[in-house]
Amino acid sequence: MRARTRPRAPAGLLVPAVLAVALLVLPFVALVVRAPWGRMATTIASGPVVEALWLSLRCATAATAICLVLGVPLAWVLARSEGWLARVVRALVTVPLVLPPVVGGVALLMLLGRVGLLGEPLDRWTGVTLPFTTPAVVVAETFVALPFLVIAVEGTLRGLDGRTEAAATTFGASPWYVLRRVTLPRALPGIVSGAVLAFARALGEFGATITFAGNFPGTTRTMPLAIYLTMETDPDAAVALSLVLVALSLVVLLALRGRWLTGVRA
């Protein structure tokens, strides 16, 4: 029996498809062409760059971990809920996707700043101030990355066949057992997908970070901030640093390509 073949795309779609690819790829080609390859190694190995890259990796990893802890339960609740309240919560969760990141940074300041809704009593009662610290970077990155994980995981959970869970419940399995041994293993591709996308988004976060966490070397200056500052004084070095961030993102996405594409299709 011959395998089914997908219908060929209409020829009229090729032109806009090629233009879309060009729009997405040519800027990176320009980075490669204009990169200062002669001093690339020296630029990348400099102390401030290594410091910013290491801070970016640490903060993006921490933000992704928080996204998993908070986002997977939220995605499960949304996937199993109907009605107007679920729709409102879903809309609110996705707001950071469409907001300018700097607006998210301002909102975080209004919540957690020294005179913020929660930041003021936190400072008064404990002496702890969050803005302009390394944890503030993690909070900002979590804020912008969390919707990516929630959307990916919720889509996967909605696509699962509920009969398996129903069968496990019929045989006496507790809700926690069904969640741990049935639902989560089957949703793993979507969870990996969301985690990869959340990590990539956190790694490239700029607007919310500089607004809420500031730009202090070794404390809050991540790679995107370092690139922005370098662009003003040494454009060639900024190109080199940009290539580092692009390469790192590509490595993460390509290494897990099969898993996160499976999650998107689920």
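Tutor: Helices here are DSSP runs of H or I with at least four residues, strands are runs of E with at least two, and both are numbered from the N terminus. The coordinates are a predicted model, in which local features need pLDDT of at least 70 and side-chain atom pairs count only at pLDDT 80 or more, while totals for chains, interfaces and linings use all residues. Residues are numbered from 1 along each chain as its sequence is written, and side-chain values use heavy atoms, with hydrogens and water left out.

On that basis the chain holds 13 helices and zero strands, so that the order of elements from the N terminus reads α-α-α-α-α-α-α-α-α-α-α-α-α. Its C-alpha trace spans about 65 × 65 × 30 Å along the principal axes. Of the 266 residues, 36% are buried (under 20% relative accessible area with a 1.4 Å probe, protein chains only; exposed is over 50%, and partly exposed lies in between). Among the contacts (heavy atoms within 4.5 Å) with a separation of 6 or more, 74% join residues 24 or more positions apart.

Glu205 is buried, with a relative accessible area of 1%. A polar atom of the Glu205 side chain lies 3.0 Å from the backbone nitrogen of Gly207, and the backbone nitrogen of Thr209 is 3.2 Å from a polar atom of that side chain; a polar contact is a pair of N or O atoms within 3.5 Å, one able to donate a hydrogen and the other to accept it within protein, and sequence neighbours count only if both atoms are side-chain atoms. When residues up to four places away in sequence are not counted, Glu205 touches Pro101, Glu141, Val144, Thr222, Pro224 and Leu225.

One of these partners, Pro224, also takes part in a helix pair, for Val49, Ala52, Leu53 and Ser56 of α3 meet Met223, Pro224 and Ala226 of α11. That contact is made up of six nonpolar residues, one polar and no charged (Ala, Val, Leu, Ile, Met, Phe, Trp, Tyr, Cys and Pro count as nonpolar, Asp, Glu, Lys and Arg as charged, and the others, Gly among them, as polar). Helix α3 (residues 47-79) and helix α11 (residues 223-233) pack at about 145° with their axes 8 Å apart, where axes are lines fitted to C-alpha atoms, for helices over the stretch in contact, and angles run from 0 to 180 degrees between N-to-C directions.

Helix α3 also contains Thr64, which counts as buried at 9% relative accessibility. Leaving out residues up to four places away in sequence, Thr64 touches Ala195, Ala198 and Phe199, and these partners fall within α9 (residues 175-203).

On the side of α9 that faces α8 (residues 162-170), the two axes come within 10 Å and cross at roughly 165°. The pair is therefore roughly antiparallel, a label for angles over 145 degrees. In this contact Thr164, Glu165, Ala168 and Thr169 of α8 meet Val178, Val182, Thr183 and Arg186 of α9, and by class it has three nonpolar, three polar and two charged residues.

How values were computed:
Angles under 35 degrees count as roughly parallel, over 145 as roughly antiparallel, 65 to 115 as roughly perpendicular and the rest as oblique.
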